[in-house]
Amino acid sequence: MAKLNNLYEDVKAKVERAEQRQMVRTKEVGGWICEVEVTVTEVKEILQKGDQEIRKRCLGCCPRNCWSSYKIGKAVSEKLVAVSGQIGNGHFDVVAEMLPRPLVDELPMEETVGSELAYGRICGFLKDPQVGIMGLYGMGGVGKTTLLKKIHNNFLTTSSDFDVVIWDVVSKPSNIEKIQKVIWNKLQISGDEWENRSTKEQKAAEILRVLKTKKFVLLLDDIWERLDLLEMGVPHPDAQNKSKIVFTTRSLDVCHQMKAQKSTKVECLPSEEAWTLFQKAVGEETLRFHPHIPRLAKIVAEECKGLPLALITLGRAMVGEKDPSNWDKVIQDLSKFPAEISGMEDELFHRLKVSYDRLSDNVIKSCFTYCSLFSEDWEISNENLIQYWIAEGLLGEVHDIYEACNQGRKIIKNLKHACLLESCGSREQRIKMHDVIHDMALWLYGECGKEKNKILVYNHFFRLKEAAEISELKETEKMSLWGQNVEKFPETLMCPNLKTLFVEGCHKLTKFSSGFFQFMPLIRVLNLECNDNLSELPTGIGKLNGLRYLNLGYTRIRELPIELKNLKNLMILRLDHMLSPITIPQDLISNLISLKLFSLWETNILSGAETLLEELESLNDINEIGIAISSALSLNKLKRSHKLQRCIRHLQLNKWADVITLELSSSFLKRMEHLNDLEVHHCDDVKISMEREMTQNDVIGLSNYNVAREQYFYSLRSIGIQNCSKLLDLTWVVYASCLEELDVEDCESIELVLHHDHGAYEIVAKLDIFSRLKYLKLNRLPRLKSIYQHPLLFPSLEIIKVSDCKSLSSLPFDSNTSNNNLKKIKGETSWWNQLKWKDETIKDCFTPYFQVYEAEAYFAESETGIIDDDMQKQLVSN
């Protein structure tokens, strides 16, 4: 029994660990545990009877009742056989299995407060056969999205006879094809069938054919206008199909337009529930610090008038505020605004403005309101946003662009901490604004609504035409035009005060009229990115003497007009991801005497690359360069110029026709002290030569990061290697001590990422290799056997993506590998099943992070959503 008990405890511990990871014990294991528990009870009874029989013996040895002793002995004998059998049966390879995939994937959400009434109503409507369409309406920030998420996640825990539950965020302007794609993916219809249907109508017909056979729930968040269900391919819910549609909107009119049978208003929270939510946001430590704070906090909470977003935003702003006088100041600030303000939006803005007012200085405030220039729900690149701030002069006079970027990153961090911006994307390289915060920022930029035309964000072309006709643009300082579905803009816009113009995602736009920019004398920032059919610029752009930022990325412009050389104040010129090879006239760049940042990333220049580098070298103020090098002559020019090397931030070496093996020296890379991204494409082999091997004394000093900077490629954060057919390993990446992203694709010979026999490796191994690596992607590496032959810690790793690496049979993980930051391991199921682990506990530790890798189109991970020919080939290959 001692052996059986030990085995029982071991098995039960394994089961409990598995169940904590949402696994379910197998029936065989469950039956064995029950049998052992019965056996324990029975053995206790036999032992008790045995003890009693021994105490009854005559003279201590002769049994009084031989028959009774015989029965006990026989029971012991039988039970010994049973216990031995249970011990033999108790060695299980698998004690639990993953639960079947739920009807829905859980959406992350804050803990809800006070939504029980509306939630109960919606749940009742879902069961009512007479109600097919339900609308949730109310002011921004009142909790509509949270309530809809709660309804969605309810399908995780309740039994349901629905066949499919679909969630999508609509926002404005609504995009029918985007909604169709979400529905298509949820229905798990093959991608080929989607690509074969070129029109919305064809896609709608196929969606309708499938959905008519299913009982579905469609949850649509943030609707601003009527959606035509049949145009999407969604059959109208009725008592026969028993399907349901639930949506959120700010307008009761939209509920009527959508023909909702039931419309529920989401109200602000009552006082008690609002106070509960506010306490959670502030935290007990702050509230208990001083006896006056709870009373003052209740006053602040009451000023929020029960609006959840205001309670959370203001509450978080007061976290750690332990001086009662500061609470008094907040109350005074809130009391300055009128108690009753016409329009719910204005009431919200005034409450949320307290978080804005508490920003530390006017620079951060200006940077925040600038974000209102973007379209709602737009994911903003951190790097792009900071460059806009620099060009606008929001960060003061800039001498060193790297210092300004560091300042910008600190501002973004402060705004995120104040809950005015939020991170998005898996690598936190983008931010976005909640739509209510976005509206508040627009209101703030317009002097709290007094100057409505000071900043204009257009999502509809007809509004631009109207604005041009009534001359309201004369007051406008900033204007953005997003996704205009037009071929031609007005001949000119009268914008005498315009400083910033964004024209982005206008896919039919091919050119501007010659006089379009004629009446914009003050313009500083011009962003024409992602107009994928824009093929030429008007020569008049050369007259924008105050222009400091110009972005032509993702356009089809084939030649820059020579008139651009007149832009003597231009600080930033971006020509990234151009969709056609580009020609840059000679002497154009050398005339841009104020240029600090020049980027030609993922762009082919037709000729004169060496001349371009010479012109860049001649500029006194140049700080940052991103460039693609495609020839040995250009690379040699770069190697000879220490000035250019110090400016390089993004370096791409690709499509080498004249070089078989690309050889780089560590001294060359070290001189690129700001190098952040290194990409090598279409090179047979890559070799990095280390001029001097490290000594033991170097290793002792590596705890000092100043030494690390001198010895390693300290600034390098991202490395991408593609189509290097003879590359055997990438052991040199260990010298990039701060590497965060590693992407290796289409290298058919590589067998190991890190080779353990590398010359200086025994010393370098004493560092934390990959200690800052966050993202690892391995794609189409048929001979790759291992990342490294020994376990590594990976304390920062968040995402691993593995695709078509059939020989990769192990991951460098052990029980010491840190998985505190790990979010997901993506790969094919067949690959995951073939992985070999040193023991099952390690596999059990990482299994919860595994997700099936679905072929991802490049546009899903890009900034723009534009597919060029190479991307299309990659998509088809996936």
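Colleague: Is Phe512 buried or exposed?
Modeller: The model is a predicted one. A residue counts as buried when its relative accessible area is under 20%. Phe512 has a relative accessible area of 6%, so the term that applies to Phe512 is buried.

Colleague: Which kind of aromatic pair do Phe512 and Phe517 form?
Modeller: Phe517 also counts as buried, at 3% relative accessibility. The ring centres of Phe512 and Phe517 are 5.3 Å apart, and their planes stand at 55°. Planes under 30 degrees apart count as stacked and those over 60 as edge-to-face, with the rest in the remaining class. The pair of Phe512 and Phe517 is therefore tilted.

Colleague: How many aromatic pairs does a search of the whole structure find?
Modeller: Rings of Phe, Tyr and Trp form a pair if their centres lie within 6.5 Å. With the whole structure searched, the number of aromatic pairs is 22.

Colleague: How many residues apart in sequence are the parts that Phe374 and Phe502 tie together?
Modeller: Phe374 and Phe502 form an edge-to-face pair, 5.6 Å centre to centre with 70° between the planes. Both Phe374 and Phe502 are buried. Phe374 belongs to the loop between α17 (362–370) and β8 (380–381), whereas Phe502 belongs to strand β13 (residues 500–504), so the parts tied together are separated in sequence by 128 residues.

Colleague: Which residues touch the most other members of the largest nonpolar core?
Modeller: The largest nonpolar core holds 118 residues. Helix α22 (residues 609–618) supplies the largest share of this core, 4 residues. Those that touch the most other members are Leu501, Ile589, Phe598 and Leu778.

Colleague: With which residues is Phe598 in contact, leaving aside its neighbours within four places in sequence?
Modeller: Contact requires heavy atoms within 4.5 Å. Phe598 is among the residues that touch the most other members of the largest nonpolar core. Its contacts, with those sequence neighbours left aside, are Leu573, Leu575, Ile584, Ile589, Leu612, Leu616, Ile622, Glu624, Ile625 and Gly626.

Colleague: How far apart are the end C-alpha atoms of helix α5 (residues 144–157)?
Modeller: Helix α5 has 14 residues, and at 1.5 Å a residue it should span 20 Å. The expected span is 1.5 Å times one less than the number of residues.

Colleague: What covers the buried residues of α5?
Modeller: The buried residues of α5 are Lys144, Leu147, Leu148, Lys150, Ile151, His152, Asn153, Asn154 and Phe155. The elements that cover them include α4 (116–127), β3 (133–137), β4 (164–169), β5 (216–223) and β6 (244–249).

Colleague: Is Asp222 buried or exposed?
Modeller: Asp222 is found in strand β5. Apart from neighbours within four places in sequence, Asp222 is in contact with Val170, Ser171, Thr248, Asp377 and Asp435. The relative accessible area of Asp222 is 10%, so Asp222 is buried.

Technical notes: Residues are numbered from 1 along each chain as its sequence is written. This is a predicted model: local features need pLDDT of at least 70, side-chain atom pairs count only at pLDDT 80 or more; totals for chains, interfaces and linings use all residues. Side-chain values use heavy atoms; hydrogens and water are left out. A nonpolar core is a set of buried Ala, Val, Leu, Ile, Met, Phe, Trp, Tyr and Cys residues joined through side-chain atoms within 4.5 Å. Buried means under 20% relative accessible area, exposed over 50%, partly exposed in between (1.4 Å probe, protein chains only). Helices (H or I, at least four residues) and strands (E, at least two) are DSSP runs, numbered from the N terminus. Rings of Phe, Tyr and Trp (its six-membered ring) pair if their centres lie within 6.5 Å; planes under 30 degrees apart count as stacked, over 60 as edge-to-face and the rest as tilted.
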